[in-house]
Amino acid sequence: MKMIKALALSLGETDKPVITKYQLGVVVFGLYRQKRYKGEPVSLQKDVAEAADFQKYLKQLLEDGVLAPHRDLPNGVYSLLGNTKWSAEEAVCAIDPFAYTSHLSAMEYHGITDRVPSKLFMSSPDDKDWKLYAQDKMKRDLQENYEIYRQGNLPLLTRTKIKNIGKKEVKIFHSKHYGAYKKAHERDIRVATIGRTFLDMLRNPDLCGGINHVLETYDRYAETYLKLITNEIDAHGGPIDKVRAGYIIDERLGIKDSIVESWVQYAQRGSSRKLDPTAEFIAVWSDKWLLSLNVFEKNKS
């Protein structure tokens with residue numbers, strides 16, 4: 001079997017909605033090492049692919065239409081023949097293996113907002129951690145061939161800047177707090193869990209429709225998802241996250257919970273102790289939670 005046929009067939013079996021140069025590099029490298037596709041020999045003279053081999057096959061795949069640049073995708077990311085019906089979320093999750101849908105977009109996914117985000121909100125690790133995760137992933141993908149792959153100057157897993165997928169603006173939030181997410185069963189995306197989404201609302205209300213919408217969402221759904229919220233915030237929330245959640249759940253909503261009550265220990269006075277981290281401090285306090293209630297709610301009866 002010719003290499004280009006084996007390559008096209010291999011790409012056709014991928015579960016990725018779009019193909020990056022790194023993903024293609026791994027496929028090319030694997031065929032060179034195995035010299036077989038599903039038991040059938042592949043005509044190759046070398047044991048290890050190099051950069052020139054990669055470029056040759058990329059060019060041929062593009063000329064044959066197996067891969068194609070797409071106006072909705074960043075440079076260096078390609079659509080696969082017969083696979084153009086992917087969403088912006090699916091594309092971002094394929095391009096960045098550590099990204100996941102978050103904030104207002106995760107709220108929409110979980111059905112806890114009536115808003116339709118004009119932007120796609122995603123989260124991904126900060127640059128330092130992203131590079132470490134990328135190195136670990138390459139080692140898992142390539143196993144004992146990791147160093148050989150690198151020596152061949154084949155494409156590495158690197159971060160792609162994503163500002164838009166087609167007409168959809170993409171807002172990627174980078175944080176040292178790598179969140180809890182799950183893989184959606186019906187779509188090829190990763191999405192923040194319910195608990196993490198409620199935690200993100202406290203940290204970044206500006207990315208979740210604003211503090212008033214966050215409070216409305218807690219008012220409506222906090223009791224329904226109480227265990228998931230308290231488990232996530234107790235395990236991964238910082239002191240100020242616990243105080244904000246404690247005020248909302250305990251004092252605002254009147255829900256009594258032993259885990260929430262234990263968070264009172266983190267209450268302390270200070271100009272940074274604000275319900276809305278994005279707004280100015282005001283001297284209106286929760287006496288129990290020692291939190292500035294710096295929120296002017298609309299249409300509150």
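## Terms and source

A residue is called buried when its relative accessible area is under 20%, exposed when that area is over 50%, and partly exposed in between, with a 1.4 Å probe and protein chains only. Helices (H or I, at least four residues) and strands (E, at least two) are DSSP runs, numbered from the N terminus.

The model is predicted, and local features need pLDDT of at least 70, side-chain atom pairs count only at pLDDT 80 or more, while totals for chains, interfaces and linings use all residues. Residues are numbered from 1 along each chain as its sequence is written, and side-chain values use heavy atoms, with hydrogens and water left out.

## Overall build

The protein has twelve helices and 13 strands, and its C-alpha atoms fill a box of roughly 75 × 35 × 30 Å along the principal axes. Of its 301 residues, 49% are buried. With contact taken as heavy atoms within 4.5 Å, 64% of the contacts between residues at least 6 apart in sequence join residues that are at least 24 apart.

## The enclosed helix α4

Helix α4 is largely enclosed by the rest of the structure, because eight of its eight residues are buried. The buried residues in α4 are A88, E89, E90, A91, V92, C93, A94 and I95.

P97 sits in the loop between α4 (88-95) and β6 (100-101), and it counts as buried because its relative accessibility is 19%. Beyond residues up to four places away in sequence, P97 touches W130, K137, L157 and R190. The C-alpha atom of P97 is also 9.5 Å from that of R159, although the two residues are 62 apart along the chain.

## Nonpolar cores

A nonpolar core is a set of buried Ala, Val, Leu, Ile, Met, Phe, Trp, Tyr and Cys residues joined through side-chain atoms within 4.5 Å. In soluble globular proteins, nonpolar side chains tend to be buried together. The largest such core here has 34 residues, of which M3, L11, L24, V28, L61 and L67 touch the most other members. At least two residues of this core come from each of α1 (3-12), α2 (21-34), α3 (51-64), β5 (77-80), α6 (127-142) and α7 (146-151), and α2 gives the most, with six residues.

Leaving aside neighbours within four places in sequence, L67 is in contact with L11, I19, L24, L58, L61, L62, Y78, S79 and L80. Apart from this core lies another, of 33 residues, which includes Y247, I249, I255 and W289.

## The pair α8 and α9

The axes of helix α8 (residues 194-203) and helix α9 (residues 211-221) come within 10 Å and cross at roughly 145°, where axes are lines fitted to C-alpha atoms, for helices over the stretch in contact, and angles run from 0 to 180 degrees between N-to-C directions. The contact is made by F198, L199, M201 and L202 of α8 together with V214, T217, Y218 and Y221 of α9. These residues divide into seven nonpolar, one polar and no charged, on a scheme in which Ala, Val, Leu, Ile, Met, Phe, Trp, Tyr, Cys and Pro count as nonpolar, Asp, Glu, Lys and Arg as charged, and the others, Gly among them, as polar.

## Cysteines and H103

The structure holds zero disulfides, a disulfide being a pair of cysteine sulfur atoms within 2.5 Å. The sulfur of C93 is 17 Å from the closest cysteine sulfur, in C208, and is therefore too far away for a bond. Both cysteines are buried, C93 with a relative accessible area of 3% and C208 with one of 0%.

H103, in helix α5 (residues 103-110), is buried at 1% relative accessibility.

## Loop residues with positive phi

K35 is not a glycine but has a positive phi of about 55°; it lies in the loop between α2 and β2 (36-37) and is partly exposed, with a relative accessible area of 22%. N153, another residue other than glycine, has a positive phi near 55°. N153 is found in the loop between α7 and β8 (164-165) and counts as exposed, at 61% relative accessibility.
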